[in-house]
Amino acid sequence: MALVNSSSVTEFILVGLSERSELQLTLFLLFLGIYVSTVVGNLGLITLIAMNSSLHTPMYFFLFNLSFIDLCYSCVFTPKMLIDFISENIISYVGCMTQLFFFCFFVNSECYVLVSMAYDRFVAICHPLLYTVTMSPQVCSLMMLGSYMIGFAGAMAHTGSMLRLSFCDSNIVHHYLCEVLPLLQLSCTSTHINELVFFIVVGGVITISSISIFTSYALILSSILRIPSAEGRSKAFSTCGSHVVAVALFFGSGAFTYLTTSFPGSKDQGKFASVFYTNVVPMLNPLIYSLRNKDVKLALRKTLKTVLF
């Protein structure tokens, strides 16, 4: 295959979180628990939204897609990560490039789904009379299609530029997954184009997402502060609280990871920091959107009554 012939390396060794053998079982059980919680939580939320017509609104349509992305996202690398704790941590060249593609695809897509959710809250609070028309099913579907297409384009850019590199000497990846920066450090050819692609794609995603979300919430805050009653302001704030927390966790942990990785001698710090946004955030999102959400709680009670009785 041309894919393999483009590089003398046919497989990579993933170092993982720790090379200490006495920690492998503990780490395996810990991340198995996180993975099971992630799958159950996101799959449960997807099922709940699909089964209850009361949740067939734009906000829950976006939440459905967010849970779908988190579910798929965690399945891209966590099963392999778990296997590596108890066996040889080897991944083929093709498997590594495939993992890189889907990792980039779901991360980029999630950024724009969060932007869509911020815009939905902006329309709901700032233009409530136009909400039904502005956030029609067609518009929501186009926004999600756009999120996935941009995610696909970003993933193609990263993976396509990675496939042009040659890996001649070391095949030891100092990470628990095939990510862009750890792989670039192994190349024996110039990575200038890859670094440029990384800067443009990642910088573009972060800039566009951040500006869009901050602008939406600045307008939302301005609108909320003009509400005369304290009860009205509190209700408006409560509809945004879950999304604000999810955005802060996702973008905050991602930014911290890449900032940490950029410092000299901080490979391990960046690797451990990335655990939060790759493993913990997908597990927390279903909890964030359900624990304080009356609609979800009510739908859950109705579903349980229907199933059990």
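Which residues does the UniProt annotation "transmembrane region" cover? In the unreviewed entry, this annotation is placed on residues 27-51, 57-78, 90-108, 139-157, 196-220, 240-260 and 272-291. UniProt positions are given in the numbering used here, feature names are shortened, and annotations may be inferred rather than shown by experiment. The structure described is a predicted model, in which local features need pLDDT of at least 70 and side-chain atom pairs count only at pLDDT 80 or more, while totals for chains, interfaces and linings use all residues. Residues are numbered from 1 along each chain as its sequence is written, and side-chain values use heavy atoms, with hydrogens and water left out.

Two of the annotated spans were examined for secondary structure, with helices (H or I, at least four residues) and strands (E, at least two) taken as DSSP runs numbered from the N terminus. Residues 27-51 are 100% helix and 0% strand, with end C-alpha atoms 36 Å apart. The span 139-157 is likewise 100% helix and 0% strand, and its end C-alpha atoms lie 27 Å apart.

The strands form an open sheet of three, in the order β2-β1-β3 and with mixed pairing. The edges are held by β2 (90-92) and β3 (172-173), each with a single partner strand, so one side of each is left without a neighbour in the sheet. Two strands are taken to pair if DSSP finds at least two bridges between them. Strands of a sheet pair through backbone hydrogen bonds, either parallel or antiparallel. Strand β1 (residues 11-14) pairs with β3 in the parallel sense over two bridges; Ile13 stands opposite Ile172, and Leu14 stands opposite Val173. The pairing of β1 with β2 is antiparallel and runs over three bridges, with Ser92 in β2 as the bridge partner of Glu11.

Helix α4 (residues 93-126) lies across β1 and β2 and runs at about 85 degrees to β2. Axes are lines fitted to C-alpha atoms, for helices over the stretch in contact, and angles run from 0 to 180 degrees between N-to-C directions. The 34 residues of α4 should span 50 Å at 1.5 Å a residue, and its end C-alpha atoms are 50 Å apart, which agrees. The expected span of a helix is 1.5 Å times one less than its number of residues. Of the 34 residues of α4, 27 are buried, so this helix is largely enclosed by the rest of the structure. Arg121 is found in α4 and counts as buried, at 9% relative accessibility. Leaving aside residues up to four places away in sequence, Arg121 touches Met59, Tyr131, Tyr217, Ile220, Thr239 and Cys240, contact meaning heavy atoms within 4.5 Å.

A nonpolar core is a set of buried Ala, Val, Leu, Ile, Met, Phe, Trp, Tyr and Cys residues joined through side-chain atoms within 4.5 Å. The largest such core has 82 residues, and those with the most contacts inside it are Phe12, Phe31, Met162 and Leu183. Its largest share, 20 residues, comes from α4. Beyond four places in sequence, the residues touched by Met162 include Tyr93, Met97, Leu100 and Phe167.

Helix α2 (residues 24-51) has 28 residues and reaches 40 Å from its first C-alpha to its last, close to the 40 Å expected at 1.5 Å a residue. Phe31 is among the buried residues of α2, as are Gln24, Thr38 and Asn42.

Helix α8 (residues 192-225) contains Ile213. The 34 residues of α8 reach 48 Å from first C-alpha to last, close to the 50 Å expected at 1.5 Å a residue. Ile213 counts as buried, at 6% relative accessibility. With residues up to four places away in sequence not counted, Ile213 touches Leu114, Val115, Ala118, Val247 and Phe251. Ile213 and Ile193, 20 residues apart in sequence, are 30 Å apart in space, C-alpha to C-alpha.

Thr278 is found in helix α10 (residues 267-291) and, at 1% relative accessibility, counts as buried. The C-alpha atoms of Thr278 and Thr78 are separated by 8.9 Å, although these residues are 200 residues apart along the chain.

Note on methods
Buried means under 20% relative accessible area, exposed over 50%, partly exposed in between (1.4 Å probe, protein chains only).
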